[in-house]
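Me: I am new to this structure. Show me how to read its features, one at a time.

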Amino acid sequence: MSLLKTLPGRMRLPVIGAPLFIISNPKLVIAQCTAGIVGSFPALNARPQSQLDEWLDEITSALRDWDEEHPDRPAAPFAVNQIVHRSNDRLEADMQTCEKYRVPLVITSLGARVELNQAVHGWGGETLHDIINVRFARKALEKGADGLIPVCAGAGGHAGRLSPFALVREIREFYGGPVALSGSISTGEGVLAAEALGADFAYIGSAFIATAEARASEDYKQAIVDGKADDIVYSSLFTGVHGNYLKRSIENAGLDPDDLPESDPSKMNFGSSGLGGGKKAWKDIWGSGQGIGAIQEVVPTGSYVDRLAREYEAARRRMLG
């Protein structure tokens, strides 16, 4: 049986920690996995490319040690996010490094390739592809993806415009495989709601920015704590692909968040010069989803997962009467 189908039995909660640009690092991934959810990071966060080997060695070693010390509650698997866009000149090298460590899950973004999925299957891993509409979902499945991540309205970073109520329902009309729902989920109630909609997992990103392990500035973490849904701006300016960002960081960059120009998608650059920004990397523009109103403080990752578990169980009890 596939890993994706057996994951719920290996996890404390049906949650995948989304890969966060700049922010996700081994410390956060290890904390997520040992807390009982899938942890992930973008391969491009490890710079230079040789650092990816170091990160994967650190993660796999730490999780192996955890499993030996906690045979009654082994760590959840981890995932590496690969940007498949043609400008990513590291993709081949990063995939070779992932093969060396037999990465169990690969999350693909901005492009679906048959040969990439086949490579992951060759070492025994599986792939999840993030999509924003049904057309992209069908294309990902045709090219061999093992599961889908519908990135719906309100999700942090690169996000779509569709409601999860609409998109998940339409996907389920033709696909019965693993689905991880992304979009404004930051509470245990939200995790249960994702399941009620028909998803297998909740895909949570922005809430983990405000954790002790996250590689984010204290100002960024505090902005997540202070922020509400109205503080999120949807724009294509910073990477060429529409995404959600904190208004405060846009203002700090000297821009008017209410009057941002559109970016040319053909100028996207995910190569070694910088993720999404070409020569001008927008590293101080802070990605965030709309669900941050539920985040009240910066806490260790384990404490946040504990809170999710409490809320999830309380919501299930209410549902059952």
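Me: Which residue in β3 stands opposite Gly-39?
Reply: The model is a predicted one. Strands of a sheet pair through backbone hydrogen bonds, either parallel or antiparallel. Here, Gly-39 stands opposite Phe-78 in β3. The strands β2 and β3 (residues 78-83) run parallel and are joined by 4 bridges.

Me: What is the order of the strands in the open sheet?
Reply: Read across the sheet, partner by partner. The order is β2-β3-β4-β5-β6, an open sheet of 5 strands with parallel pairing. At the edges stand β2 and β6 (147-150). Each has a single partner strand, so one side of each is left without a neighbour in the sheet. From one strand to the next, the twist averages 25 degrees.

Me: Which strands does α3 touch?
Reply: For a helix on a sheet, look at contacts, then direction. Helix α3 packs on the sheet and touches β2 and β3. Its direction makes about 160 degrees with that of β3. Now take α7. This helix lies across β5 (126-131) and β6, and runs at about 160 degrees to β6.

Me: Where does Pro-164 lie, and is Pro-164 buried or exposed?
Reply: Pro-164 lies in helix α7, which covers residues 164-172. Now check the accessible area. Under 20% relative accessible area counts as buried. Pro-164 has 18%, so Pro-164 is buried.

Me: Which residues does Pro-164 touch, leaving out those up to four places away in sequence?
Reply: With those set aside, Pro-164 touches Cys-152, Arg-169, Leu-181 and Leu-197. Pro-164 and Gly-198 are 34 residues apart along the chain, and their C-alpha atoms are separated by 9.9 Å.

Me: How many aromatic pairs are there?
Reply: The count comes to 4 aromatic pairs. Take Phe-41 and Trp-55. Their ring centres are 5.5 Å apart and their planes stand at 65 degrees. Planes over 60 degrees apart count as edge-to-face, so this pair is edge-to-face. The pair links distant parts of the chain, 14 residues apart: Phe-41 is in strand β2 (residues 39-42) and Trp-55 in helix α3 (residues 50-69). Phe-41 has 0% relative accessibility and counts as buried. Trp-55 is buried too, with a relative accessible area of 7%.

Me: Why is the pair of Phe-208 and Tyr-304 edge-to-face?
Reply: Use the angle again. The planes are at 90 degrees and the ring centres 5.1 Å apart, so the pair is edge-to-face. This pair also links distant parts of the chain, 96 residues apart. Phe-208 sits in the loop between β9 (201-204) and α9 (218-226), while Tyr-304 sits in helix α11. Both Phe-208 and Tyr-304 are buried.

Me: What lies over the face of Phe-174?
Reply: A charged side chain can sit over a ring. Here Arg-138 lies over the face of Phe-174, at 3.9 Å from the ring centre.

Me: What span should the 20 residues of α11 have?
Reply: At 1.5 Å a residue, α11 should span 28 Å. Its end C-alpha atoms are 29 Å apart, which agrees. The helix covers residues 301-320. After α11 comes Gly-321, whose phi is positive, near 85 degrees.

Me: Which residues of α11 are buried, and what covers them?
Reply: Among the buried residues of α11 are Thr-301, Tyr-304, Val-305, Arg-307 and Glu-311. What covers the buried residues includes α2 (26-35), α8 (188-197) and β9.

Note on methods:
Residues are numbered from 1 along each chain as its sequence is written. This is a predicted model: local features need pLDDT of at least 70, side-chain atom pairs count only at pLDDT 80 or more; totals for chains, interfaces and linings use all residues. Side-chain values use heavy atoms; hydrogens and water are left out. Helices (H or I, at least four residues) and strands (E, at least two) are DSSP runs, numbered from the N terminus. Buried means under 20% relative accessible area, exposed over 50%, partly exposed in between (1.4 Å probe, protein chains only). Contact means heavy atoms within 4.5 Å. Rings of Phe, Tyr and Trp (its six-membered ring) pair if their centres lie within 6.5 Å; planes under 30 degrees apart count as stacked, over 60 as edge-to-face and the rest as tilted. A charge sits over a ring if NZ of Lys or CZ of Arg is within 6 Å of the ring centre and within 35 degrees of the ring normal. Two strands pair if DSSP finds at least two bridges between them. Axes are lines fitted to C-alpha atoms, for helices over the stretch in contact, and angles run from 0 to 180 degrees between N-to-C directions. The expected span of a helix is 1.5 Å times one less than its number of residues.
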